[in-house]
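Let's take a walk through a protein together, one stop at a time. Have the structure open beside you and turn it as you read.

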Amino acid sequence: MNDAILAEQLRKTGNLMDLLNDEAWVREADAAHTNEEGTVEAGLGLLPYVEFLKDASPEALQRQRWYVRVLSILLPELKGWLESWQLGRSLEAVYMEAQKCLYDHLRHLTPEQRAWIEMLLAEGEQVSPNEQKVIRAEAIAVLAQMLTTEDWQAIANVASQKMTKDIVQMGQEAAVPTVTL
């Protein structure tokens, strides 16, 4: 991996994942590994994914790349939005549940949602900073509309369960007497 390219990308957009939207960079990175034998992976957890890739059709791989591009834009927006709610220790559990809901909706987009996402992806290819991206600025409103009442209920339930668990745990920890010598 070229450190100069990574540093420049970080300076330009603040998000290294945006490199995945740069066709030239992806091709260059891929070409760098073509002469190597075997697969490149990090940890045993990737083995099922590598097996999937070996058997995947070009259409499935293209669809997977599309999801990665969409999620590289929407997930940071979703997390920033949830962080603004000041959920404290419940944030990570709420974020994970919201991600699951988002994943489900991305598989069943309405034509309007698909059109908006295509505009978002096109805008993402522009070099301008995220603060100047008009379509990206609509991400929270679109996410709020995309999630259903059932999604919000599931997210609220996760927050409630996590908060309850944490409070009970803190109460039990405080009740344990300390021994002084």
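Begin in the loop that runs between helix H4 (58-83) and helix H5 (91-106), where you will find glutamine 86. This is a predicted model, so keep in mind that every value here is computed from a prediction. Look at the backbone of glutamine 86: its phi is positive, about 55°, although the residue is not a glycine. Is glutamine 86 buried or exposed? Its relative accessibility is 72%, and the cut-off for calling a residue exposed is over 50%, so glutamine 86 counts as exposed.

Now step back and take in the whole protein. Its secondary structure comes to 9 helices and 0 strands. The protein has 181 residues, and 30% of them count as buried.

Glutamate 83 belongs to helix H4. Its relative accessible area is 42%, so glutamate 83 is described as partly exposed. Glutamate 83 and valine 94 are 11 residues apart along the chain, and their C-alpha atoms are separated by 9.9 Å.

From here, follow H5 and find its partner, helix H9 (residues 149-175). The axes of H5 and H9 come within 8 Å and cross at roughly 160°.

The next stop is about charges. How many salt bridges does the count come to? The answer is 7 salt bridges. One of them joins the side chains of arginine 89 and aspartate 166, with 3.5 Å from N to O. Arginine 89 lies in the loop between H4 and H5, while aspartate 166 is in helix H9, so this pair ties together parts that are 77 residues apart in sequence.

Aspartate 166 has another partner to show you. Its side chain also meets that of lysine 162 in a salt bridge, this time with 3.1 Å from N to O. Both residues lie in helix H9, 4 residues apart, so they are separated by about one helical turn. Lysine 162 counts as partly exposed, because its relative accessibility is 26%. Salt bridges that share partners join Arg89, Lys162 and Asp166 into one network.

Glutamate 97 has a relative accessible area of 14%, so it is buried, whereas lysine 100 counts as partly exposed at 48% relative accessibility.

Leu46, Tyr49, Phe52, Leu53 and Leu61 make a nonpolar surface patch of about 390 Å². Which helix gives the most to this patch? Helix H3 (residues 47-55) does, with 3 residues. With a relative accessible area of 37%, phenylalanine 52 is partly exposed.

For the last stop, go to helix H1 (residues 3-13), the place of lysine 12. The relative accessible area of lysine 12 is 34%, so this residue is partly exposed. Now look for valine 127. Lysine 12 and valine 127 are 115 residues apart in sequence, yet 7.5 Å apart in space, C-alpha to C-alpha.

Definitions and conventions. Residues numbered from 1 in each chain as written. Predicted model: local features only at pLDDT ≥ 70, side-chain atom pairs only at ≥ 80, totals over all residues. Heavy atoms only, no water. Helix = DSSP H or I, 4+ residues; strand = E, 2+ residues; numbered from the N terminus. Buried < 20%, exposed > 50% of the residue type's maximum accessible area, 1.4 Å probe, protein only. Patch = residues over 30% accessible without salt bridge, like charges linked within 9 Å, V, L, I, M, F, W, Y side chains within 5 Å. Areas by Shrake-Rupley, 256 points an atom, 1.4 Å probe, with all protein chains shown as cover. Salt bridge = Lys/Arg side-chain N within 4 Å of Asp/Glu carboxyl O. Axes fitted to C-alpha atoms, helices over the stretch in contact; angles between N-to-C directions.
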